[in-house]
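Subject: Structure for you to look at

Dear colleague,

I am handing over the structure below, and after it I set out what was found. Please keep it open beside this message as you read.

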Amino acid sequence: MRQPPARHGDPLEAVDTPALIVDLDALERNIARMQAGAAAAGVALRPHAKTHKCPVIGGWQVTAGAVGLCCQKTEEAERLVEGGIKDVYISNEVVGDAKLVRLAELANHARLSVCVDDARGVAALEDAAARAGSKIDVLVELEVGGGRCGVRTPQAAADLAARVAAAPCLSFAGLHVYNGAVQHVRTAQERRAAAVALEDKVGQALALLTGQGLSCGRITGAGTGSFAQDLEAGILTELQCGSYVFMDADYARNRDAAGGFEQSLFVLATVMSAPASDLIVVDAGLKALAFDSGPPLVHGHADLVFAGPSDEHGEITGPAGRMPAWGEKLELVPGHCDPTVNLHDFYVGMRAGRVEKVWPIAARGAGR
Ligand SMILES: Cc1ncc(COP(=O)(O)O)c(C=O)c1O
């Protein structure tokens with residue numbers, strides 16, 4: 001069994017490193033802010049649990065007013081349902097009998113919805129649901145600029161929706177229209193242009209669905225970067241933002257960012273070597289931080305640069321003679337929050353300088 005890096009009541013200095021630290025006040029404010037934004041716009045909020053992978057934080061989001069949670073993997077859905085979340089949307093295509101058997105069984109224990117973008121996927125889901133004796137809500141994914149999964153045309157979305165509606169154990173629940181490519185586009189003007197394109201393509205799909213006599217219960221999409229522009233476009237009924245709970249160094253580079261979300265997630269690291277006057281080495285490298293969106297920032301030290309990660313080391317350079325001391329603890333702001341979380345076993349929740357909560361990251365891992 002893994003030992004947690006801290007105990008209730010410990011001060012920050014006593015937390016073993018590397019550790020994932022959460023500022024609980026900032027986390028709570030972020031949850032409340034996004035919920036208030038969704039409520040003011042009259043849309044549902046279904047936060048993405050791919051960010052935190054933790055039913056406890058998900059439970060806080062539901063208590064604040066979220067209709068349920070999104071996740072990407074069947075295993076994530078299982079951990080969320082085990083943790084008491086009653087309405088879970090796998091906002092992703094699920095392929096392969098081993099997963100589908102579990103997914104269809106899970107639908108007997110919670111309200112479950114899932115994405116499709118292929119007629120073969122619809123047939124496989126129907127077969128699994130029939131065997132499990134469950135009923136599954138299905139959303140058709142329409143590609144809206146992300147260039148990832150999703151049928152490419154409104155007509156293809158309408159055709160696939162008709163197949164779902166005709167399947168006895170499935171029900172057509174709506175359209176999935178998430179554009180991952182736009183989330184980190186830096187200006188609000190460019191994000192607005194993407195939202196207008198989304199509105200146009202989804203509008204065409206809705207007209208076709210109506211022509212077929214199909215009603216579209218949910219139109220779900222948006223992330224922390226695009227939700228404000230997507231709300232302005234006015235076509236979504238549900239937001240699936242995830243990163244807003246924690247934020248990260250890359251989201252901080254978006255200009256005109258909406259929501260006023262605060263950095264609440266840090267990787268705590270210790271200076272394990274101070275070999276030169278302008279160089280320190282911390283005990284957090286590639287195995288404690290994700291680098292796909294750039295290196296971490298050193299919180300409260302604008303003059304320090306995280307210059308070189310290796311597996312278990314992080315080289316930090318800065319002004320000669322004014323570097324943090326050997327043994328000092330530093331808070332690092334991850335470049336990208338989701339894959340950083342995935343590297344850790346526990347959250348250490350801090351309030352007023354003391355450890356208040358230690359939670360396992362129940363759904364961490366690649367996720368089958
Ligand atoms: C399908 C889907 N929805 C929502 C999100 C949440 O986006 P963000 O974490 O940027 O808010 C993601 C993130 O990758 C996603 O893949």
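Which element gives the most to the lining of the largest pocket? In this predicted model, that element is S4, with 3 residues.

Strand S4 covers 87–93, and both this strand and helix H9 (337–341) supply at least two residues each of that lining. The space in the largest pocket comes to about 660 Å³, and of the 32 residues that line the largest pocket, those closest to its centre are Lys-50, Gln-72, Arg-148, Tyr-178 and Asp-338. Sorted by class, the lining of the largest pocket holds 17 polar, 9 charged and 6 nonpolar residues.

The second largest pocket has about 380 Å³ of space, and its lining consists of 21 residues, of which Pro-18, Ala-19, Leu-343, His-344 and Asp-345 are the closest to its centre. Here the lining divides into 9 nonpolar, 8 charged and 4 polar residues.

Turning to the helices, H6 (residues 154–166) packs with H7 (residues 188–211) at an angle of about 40°, and the two axes are 8 Å apart. At that angle, H6 is oblique to H7, and the crossing of the two helices is right-handed. On the H6 side the contact is made by Pro-154, Gln-155, Ala-158 and Ala-161, while H7 brings Lys-201, Gln-204, Ala-205, Leu-208 and Leu-209; by class, the residues of this contact are 6 nonpolar, 2 polar and 1 charged.

With kind regards

Note on methods. Residues numbered from 1 in each chain as written. Predicted model: local features only at pLDDT ≥ 70, side-chain atom pairs only at ≥ 80, totals over all residues. Heavy atoms only, no water. 1 Å grid on protein atoms, 1.4 Å probe; cavity = no way out; pocket = protein on both sides within 12 Å on 5 of 7 lines; lining within 4 Å. Points joined across faces, edges and corners; volume = space filled by probe spheres on them. Helix = DSSP H or I, 4+ residues; strand = E, 2+ residues; numbered from the N terminus. Nonpolar A, V, L, I, M, F, W, Y, C, P; charged D, E, K, R; others polar. Axes fitted to C-alpha atoms, helices over the stretch in contact; angles between N-to-C directions. Parallel < 35°, antiparallel > 145°, perpendicular 65-115°, else oblique. Left-handed = near helix turned anticlockwise from the far one by under 90°. Contact = heavy atoms within 4.5 Å.
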